[in-house]
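Subject: Handing over a structure

Dear colleague,

I am passing a structure on to you, and I would be glad if you could look through it before reading my notes. The sequence and the model come first, and my description comes after them.

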Amino acid sequence: MNQDLLPPIVELLLHSGDMAMLERILSVGDEQTLAECIPQADRWYADEAGNMPAWIGIELMAQAIAAHVGLLKRLQKAPQKQGVLLGTRSYQSKVAAFTADQVLHIAVTLAYRDDSGLGAYDCKISDDTGELATATLKVFEPDDFESFLQGNAA
């Protein structure tokens, strides 16, 4: 999809305010999305040095997945649904924190998806020096989110 046609990130994430951490979507395809985040020293997550702890990279990856799914739903003219992060496999970071004002690229690539809404994405965070963090995230998009939260859906 042409970047000029990409909607603002706030239209793709069900997060709001300080919890919406991505700046924008850089590119999207059927199985991959590339997003951007620029950590800020004055945000809630900033450590004493003003940097973003690397463990928050899991949330950046999850938001990039949510944006990917949201973009696909938009292209299909289908309503966007809420999803959940089920787990993370082997999150590894080469850094303890992402530096404030450092431009981060979050790439998510679909590894698996089935008709029940279960999926897995291979994810990485990089900057202009190279790869900083990697993980595989498992996600689920139930048909009925409220029933799922109440334990009434499989």
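What follows is a description of the fold, the sheet, the core and a few individual residues.

Please keep in mind throughout that this is a predicted model.

I begin with the chain as a whole. The secondary structure of the protein chain amounts to two helices and eight strands, and along the sequence these elements follow the pattern β-β-β-α-β-β-β-β-β-α. The radius of gyration is 15 Å, close to the 15 Å that the globule rule gives for 154 residues, so the chain is as compact as a globular protein of that length. Taken along the principal axes, the box filled by the C-alpha atoms is roughly 45 × 35 × 30 Å. Of the 154 residues, 42% count as buried, and among the contacts with a separation of 6 or more, 63% come from residues 24 or more positions apart.

Turning to the sheet, you will find six strands in an open, antiparallel arrangement, in the order β1-β2-β6-β7-β8-β4. Because β1 and β4 stand at the edges and each has a single partner strand, one side of each is left without a neighbour in the sheet. Neighbouring strands are turned against each other by 25° on average, with direction ignored. Within this sheet, β6 and β7 pair in the antiparallel sense over eight bridges, and the bridge partner of L110 is Y121, which belongs to β7.

The largest nonpolar core is the next thing to look at. It has 36 residues, of which L60 and I106 touch the most other members. At least two residues of this core come from each of β1 (24–28), β2 (32–37), α1 (57–75), β6 (104–113), β7 (118–127) and β8 (130–140), and α1 gives the most, with eight residues. Most residues other than glycine have a negative phi. S90, however, has a positive phi near 55° and is not a glycine; S90 lies in strand β4 (residues 84–93), and with a relative accessibility of 45% S90 counts as partly exposed. D101 is likewise not a glycine, and its phi is positive at about 70°. D101 is found in the loop between β5 (97–98) and β6, and D101 is exposed, with a relative accessible area of 55%.

Finally, there are the aromatic rings, for which the count comes to one aromatic pair. The pair is made by W44 and Y45 and is edge-to-face, with 5.5 Å from centre to centre and 75° between the planes. As for accessibility, W44 counts as partly exposed at 42%, whereas Y45 is buried, with a relative accessible area of 5%.

With best wishes

Notes:
Residues numbered from 1 in each chain as written. Predicted model: local features only at pLDDT ≥ 70, side-chain atom pairs only at ≥ 80, totals over all residues. Heavy atoms only, no water. Core = buried A, V, L, I, M, F, W, Y, C linked by side-chain atoms within 4.5 Å. Buried < 20%, exposed > 50% of the residue type's maximum accessible area, 1.4 Å probe, protein only. Helix = DSSP H or I, 4+ residues; strand = E, 2+ residues; numbered from the N terminus. Pairing = 2+ DSSP bridges. Axes fitted to C-alpha atoms, helices over the stretch in contact; angles between N-to-C directions. Phe/Tyr/Trp six-rings, centres within 6.5 Å; stacked < 30°, edge-to-face > 60°. Rg over C-alpha atoms; globule rule 2.2 N^0.38 Å. Contact = heavy atoms within 4.5 Å.
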